[in-house]
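Please consult the sequence and the structure shown here alongside the text.

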Amino acid sequence: MGILDAVILGIVEGLSEFLPVSSTGHLILASALLKLQQSEAHKVFEVVIQLGAMLAVVEVYRKQLFARPDLIKKVCFAFLPTGTIGFLLYKLVKSFFQPSLVSYMLIAGGVAFIVIELWMKDRPATTHTLDEISYKQAFSIGLVQCISMVPGVSRSGATIMGGLLFGLDRKDATEFSFLLALPTMLAATCYDIYKNYTVFHMGDWENIAVGFITSFIFGVIGIKALLRFVTSHTFIPFGVYRIAVGVLFLVFLF
C-alpha cells in the first residue's frame with residue numbers, strides 16, 4: 001500500500017461510514033479495485049482508520065455528548081442487541097467478508113431503501129426530536145442495526161431505515177444513527193484489536209496515520225453533508241446508487 005492508497009481508503013471510510021452505503025463494503029470493493037490484498041496488515045489498517053471516523057462523531061457532537069445524559073442512555077440501550085449478537089457471532093460475521101456478497105447486499109439494501117421510502121411517504125413521523133425517542137424505539141433501532149453485521153448492508157443505512165420505520169423523522173433518524181455509531185464502532189474496533197493484537201506489529205504505521213487523519217476529516221464532512229441533505233431529500237437516491245454500484249461490481253469484477 002502506498003500513501004495515495006491510504007488517502008483513497010481514508011476518504012472512502014470517512015464518507016461511507018455515515019452515508020447509508022456500507023463503509024465495510026466500500027472498503028472491500030475499493031481495496032479490490034486498488035488490487036490490495038486482504039492481508040492481516042491490511043485488516044489492521046482498516047480497523048484503525050475506523051477510529052478516525054468515530055472521532056468525527058465526537059467532534060461534531062461533542063457539545064451534546066455530556067449535556068443530554070438521557071439521550072446517551074438511550075443510545076447505549078440501543079447498542080445492547082448489536083453488542084450481544086456481535087460478541088456471540090464474531091467468527092461467523094468475519095467469514096462473511098467477501099466482495100461478491102457485498103455487491104448483492106448493496107443491491108438488496110438499495111431496493112429496501114426505495115421500498116421503505118415509498119411505503120413511508122404517507123405515514124408522518126410520530127417523533128420529532130431526539131429527546132422524544134423512547135427506550136422501546138431505541139432498542140428496536142438497535143435490533144435493526146444487527147442486520148448490518150452482514151457486509152454491504154450498511155450500519156448507518158440499517159439504523160436510519162429502522163428509525164424511519166419506528167416513527168422518527170429523517171433528521172432525527174440520521175442523528176441517532178450517528179450517535180449509535182459511537183458505542184457500536186468503539187466496541188467493534190476494540191474487540192477487533194483484542195482478537196488480532198498479535199498482527200499489529202505488521203502495520204505500516206505511516207500509511208495508517210495518513211488513513212486515520214483522512215478518515216477523520218472526511219467523516220466530519222460526511223456527517224455535515226448528510227444532515228443538510230436529509231432536510232429536503234429522501235433516501236431514494238442512495239438506494240439507486242447502491243443498486244448501480246452493486247450491479248457494476250458484479251459485472252466488471254466478478
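## Contact between H1 and H3

In this predicted model, helix H1 meets helix H3 through Ala-6, Leu-9, Gly-10 and Glu-13. On the H3 side, the residues in contact are His-42, Phe-45, Ile-49, Gln-50 and Ala-53. By residue class, this contact comprises 5 nonpolar, 3 polar and 1 charged.

## Geometry of the helix pair

H1 spans residues 3-16 and H3 spans residues 40-65. Their axes come within 10 Å of each other and cross at roughly 50°. The crossing of H1 and H3 is right-handed.

## Secondary structure and overall form

The protein chain contains 11 helices and 0 strands. Its pattern along the sequence is accordingly written α-α-α-α-α-α-α-α-α-α-α. The radius of gyration is 17 Å, close to the 18 Å given by the globule rule for 254 residues, so the chain is as compact as a globular protein of that length. Taken along the principal axes, the box filled by the C-alpha atoms is roughly 50 × 40 × 35 Å.

## Burial and contact range

Of the 254 residues in the protein chain, 48% count as buried. Among contacts between residues at least 6 apart in sequence, 84% join residues at least 24 apart.

Definitions and conventions: Residues numbered from 1 in each chain as written. Predicted model: local features only at pLDDT ≥ 70, side-chain atom pairs only at ≥ 80, totals over all residues. Heavy atoms only, no water. Axes fitted to C-alpha atoms, helices over the stretch in contact; angles between N-to-C directions. Helix = DSSP H or I, 4+ residues; strand = E, 2+ residues; numbered from the N terminus. Left-handed = near helix turned anticlockwise from the far one by under 90°. Contact = heavy atoms within 4.5 Å. Nonpolar A, V, L, I, M, F, W, Y, C, P; charged D, E, K, R; others polar. Rg over C-alpha atoms; globule rule 2.2 N^0.38 Å. Buried < 20%, exposed > 50% of the residue type's maximum accessible area, 1.4 Å probe, protein only.
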